[in-house]
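The entries follow in the order in which I took them.

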Amino acid sequence: MRFSLISAFVAFSGVAVAQLPTANLVEKINNLTAISTALLPETQALVGNITLLSTVTSDPWVTVLVGLYGLAAAVEQDTSALKAAGPGQYVGNDARSIGNAFRTFGKITRDLINVLIVASPLIKFVPGAAPLLYTRFATLKSDVDDFAKAIAGSIESGSAKNLTTELKTLDGTLLNAINIYNVTSTTA
Ligand SMILES: *[C@@H]1O[C@H](CO)[C@@H](O)[C@H](O)[C@H]1NC(C)=O
Ligand SMILES: *[C@@H]1O[C@H](CO)[C@@H](O)[C@H](O)[C@H]1NC(C)=O
Ligand SMILES: *[C@@H]1O[C@H](CO)[C@@H](O)[C@H](O)[C@H]1NC(C)=O
Ligand SMILES: *[C@@H]1O[C@H](CO)[C@@H](O)[C@H](O)[C@H]1NC(C)=O
């Protein structure tokens, strides 16, 4: 009897707990993916033009630098919204769709960061660029870590595991970028 009482309580609290609606959270993650997706061609255009790339104050540089901060700020806002809504208990297809949305976000965002990693041998010679990118990547990593941990704590374990795997890969790419643009360890 004790067991069924606990089950009933868990089922009841599952209903009672406030949380961000699944569709809303998935849309928030997809909106983050849209920011990375939009920044990708802008970043490719920047690194593809040596004239524009060589001056950190050029319009395409400003677009990319502002865009990377905007992405981090949007991630931070979503973390706040998720936490403010309640602890969350996403299960089944809800958990899966949240995990999948994050994996897509991670993949596109890694593509974006990799453009700036691949171009780093050139970018390191652009006066002032390295510390600006370092700060953006460090901020983005901190905000993405908070967001992913908040989500992982709200979805059932299978989906959380998938999400954590993607977070590790994304963190690896971010750490690589952070190390590359760590000006105290480069001579650019
Ligand atoms: C996603 O972005 C669109 C367009 O900016 C916005 O209207 C919508 O409110 C966003 N969705 C969520 C859940 O924040
Ligand atoms: C690079 O950008 C400059 C300034 O906008 C432009 O004049 C030039 O044509 C571009 N070069 C290439 C190869 O696109
Ligand atoms: C985990 O990801 C795999 C794809 O790599 C997918 O087939 C599976 O459904 C996901 N599991 C959950 C619980 O989200
Ligand atoms: C940046 O480089 C310095 C010198 O190598 C190192 O001490 C520091 O830990 C690095 N910072 C990060 C965040 O990796």
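This is a predicted model: local features need pLDDT of at least 70, side-chain atom pairs count only at pLDDT 80 or more; totals for chains, interfaces and linings use all residues.

Is Lys 141 buried, partly exposed or exposed? Lys 141 has 19 C-beta neighbours inside 10 Å, so it counts as partly exposed. The reasoning needs one cut-off: a residue is called buried only if 20 or more other C-beta atoms lie within 10 Å of its own.

**Entry: surroundings of Lys 141**

I placed Lys 141 in helix 7. I then listed what Lys 141 touches, leaving out residues up to four places away in sequence, and found Asp 171, Leu 174 and Ile 178. For Asp 171 I also took the C-alpha distance to Lys 141, which is 6.7 Å. The two residues are 30 apart along the chain.

**Entry: the chain as a whole**

I counted eight helices and zero strands in the chain. Read from the N terminus, the order of elements is α-α-α-α-α-α-α-α. The chain has 188 residues, and buried residues make up 31% of them.

**Entry: helix 4 against helix 7**

I went back to helix 7, now with helix 4 as its partner. Helix 4 spans residues 59-85 and helix 7 spans residues 129-152. Their axes come within 9 Å and cross at roughly 20°. An angle under 35 degrees counts as roughly parallel, and therefore helix 4 is roughly parallel to helix 7. The crossing of helix 4 past helix 7 is left-handed. On the helix 4 side I noted contact residues including Leu 65, Leu 68, Tyr 69, Val 75 and Leu 82. On the helix 7 side they include Leu 132, Arg 136, Leu 140, Val 144 and Phe 147. Sorted by class, this contact of helix 4 with helix 7 has 13 nonpolar, two polar and six charged residues.

**Entry: helix 2 against helix 4**

Which way does helix 2 run relative to helix 4, roughly parallel or roughly antiparallel? I found helix 2 at residues 22-47, packed on helix 4 at an angle of about 170° with the axes 10 Å apart. Angles over 145 degrees count as roughly antiparallel, so helix 2 is roughly antiparallel to helix 4. Helix 2 contributes, among others, Leu 25, Leu 32, Ile 35, Leu 39 and Leu 46 to the contact. From helix 4 I wrote down Trp 61, Val 64, Gly 67, Gly 70 and Ala 74, among others. By class, the contact of helix 2 with helix 4 has 14 nonpolar, five polar and three charged residues.

**Entry: helix 2 against helix 5**

I kept helix 2 and turned to helix 5, which covers residues 92-118. The axes of helix 2 and helix 5 come within 9 Å and cross at roughly 15°. That angle makes helix 2 roughly parallel to helix 5. Helix 2 passes helix 5 in a left-handed crossing. I recorded 15 nonpolar, 10 polar and two charged residues in the contact of helix 2 with helix 5.

**Entry: ligand 1**

What surrounds ligand 1? I found Asn 24, Glu 27, Lys 28 and Asn 31 around it. By class, the shell around ligand 1 has no nonpolar, two polar and two charged residues. Asn 24 lies in helix 2. It counts as partly exposed, because Asn 24 has 13 C-beta neighbours inside 10 Å.

**Entry: two threonines**

I looked up Thr 55 and found it in the loop between helix 3 (50-53) and helix 4. Thr 55 has 14 other C-beta atoms within 10 Å and is therefore partly exposed. Thr 55 and Gly 128 are 73 residues apart in sequence, and their C-alpha atoms are 8.8 Å apart.

Thr 104 lies in helix 5. I counted Thr 104 as partly exposed because it has 17 C-beta neighbours inside 10 Å. Thr 104 and Glu 166 are 62 residues apart along the chain, and their C-alpha atoms are separated by 9.1 Å.

How values were computed:
Residues are numbered from 1 along each chain as its sequence is written. Chains are lettered from A and ligands numbered from 1 in the order in which they are written. Axes are lines fitted to C-alpha atoms, for helices over the stretch in contact, and angles run from 0 to 180 degrees between N-to-C directions. Helices (H or I, at least four residues) and strands (E, at least two) are DSSP runs, numbered from the N terminus. Angles under 35 degrees count as roughly parallel, over 145 as roughly antiparallel, 65 to 115 as roughly perpendicular and the rest as oblique. A crossing is left-handed if the near helix is turned anticlockwise from the far one by less than a right angle, and right-handed if clockwise. Two residues are in contact if their C-beta atoms, placed from the backbone, lie within 7 Å. Ala, Val, Leu, Ile, Met, Phe, Trp, Tyr, Cys and Pro count as nonpolar, Asp, Glu, Lys and Arg as charged, and the others, Gly among them, as polar. A residue is near a molecule or strand if its C-beta atom, placed from the backbone, lies within 6 Å of it. A residue is buried if 20 or more other C-beta atoms lie within 10 Å of its own, exposed if 12 or fewer, and partly exposed in between; C-beta atoms are placed from the backbone.
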